[in-house]
Amino acid sequence: MNTHRSLVPTRTRSLLDRRRILKGAALTAVPYSLLPDARAGATAQPVDYRAAQWQPAADANYTVSERPGDHAIDLVVIHVTQTTFAQALDIFRNPKKRVSAHYVVRSGDGQVAQCVRESDIAWHAGNWEYNTRSVGIEHEGWVDRPAYFTDALYERSARLTASVCERYGIPKDRAHIIGHHEVPGTDHTDPGPSWDWARYLKLVDSA
Ligand SMILES: [Zn+2]
């Protein structure tokens with residue numbers, strides 16, 4: 001996770017804002033009772049990964065896009081939240097935070113929340129180019145508290161990453177499944193030295 005603001009050219013930004021307004025106008029036609037309650041847990045909203053629960057980030061925290069049509073997706077970026085699962089979802093719902101990830105995986109049971117559609121650009125890498133070409137996955141825990149990296153977290157995250165790789169033709173290797181610390185220009189250290197990359201890649205490969 002990080003709080004770097006993403007740089008979007010002004011022209012692109014105004015087009016995207018227009019699209020958001022159009023999206024908002026379409027939503028006003030939906031009866032209130034059908035609108036998802038972000039705090040209610042699982043909803044019937046569409047997700048890109050079947051096992052995920054839709055827990056949407058605020059519109060202000062990501063860039064609407066049409067990937068992979070306008071930006072190819074060739075990376076998965078692995079993060080550790082440095083906060084709880086619930087708090088991470090709260091941060092992504094807060095439009096002032098200017099940060100998001102596509103997915104958050106819960107430590108205890110490996111539950112997957114999807115916060116941003118894969119077609120949109122989440123703001124997680126602190127590097128605009130890397131944001132445009134990646135799917136960002138947050139894991140509940142702290143870089144210096146390896147107990148949070150449970151079997152369930154590894155296994156269910158690996159299944160998610162395998163699905164992303166298969167759907168976009170991303171090789172399941174360390175050149176394409178990278179840590180936030182490997183993003184150029186970042187000062188972030190996650191997922192940190194306790195993250196078991198060998199185990200994770202093996203699980204992704206066999207998922
Ligand atoms: Zn991170």
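**Briefing: helix α4 and the sheet it crosses**

Helix α4 buries Leu153, Tyr154, Arg156, Ser157, Ala158, Leu160, Thr161, Val164 and Cys165. These buried residues pack against strands β3, β4, β5, β7 and β8, and also against helix α5, residues 197-206. The model is predicted.

**Helix α4**

- Helix α4 covers residues 151-168 and lies across β3 (75-80), β4 (103-105), β5, β7 (134-139) and β8.
- The helix runs at about 175° to β7.
- With 18 residues, α4 reaches 26 Å from its first C-alpha to its last, which is close to the 26 Å expected at 1.5 Å a residue.
- After α4 comes Gly169, and the phi of Gly169 is positive, near 70°.

**The sheet**

- Six strands form an open sheet with mixed pairing, in the order β1-β5-β4-β7-β3-β8.
- The edge strands are β1 (53-54) and β8 (177-179), and each of them pairs on one side only.
- Strand β1 is joined to β5, residues 112-114, by 2 bridges, and the two strands run parallel.
- Trp54 has Gln114 in β5 as its bridge partner.

**The chain as a whole**

- Read from the N terminus on, the elements follow the pattern α-β-β-β-α-β-β-β-α-β-α-β-α.
- The chain has 207 residues, and buried residues make up 39% of them.
- Of the contacts between residues at least 6 apart in sequence, 74% join residues at least 24 apart.

**Asp90 in helix α2**

- Asp90 sits in helix α2, which spans residues 85-93.
- Asp90 and Gln55 are 35 residues apart along the chain, and their C-alpha atoms are separated by 9.6 Å.

Methods: Residues numbered from 1 in each chain as written. Predicted model: local features only at pLDDT ≥ 70, side-chain atom pairs only at ≥ 80, totals over all residues. Pairing = 2+ DSSP bridges. Helix = DSSP H or I, 4+ residues; strand = E, 2+ residues; numbered from the N terminus. Contact = placed C-beta atoms within 7 Å. Axes fitted to C-alpha atoms, helices over the stretch in contact; angles between N-to-C directions. Expected span 1.5 Å × (residues − 1). Buried ≥ 20, exposed ≤ 12 C-beta atoms within 10 Å, placed from the backbone.
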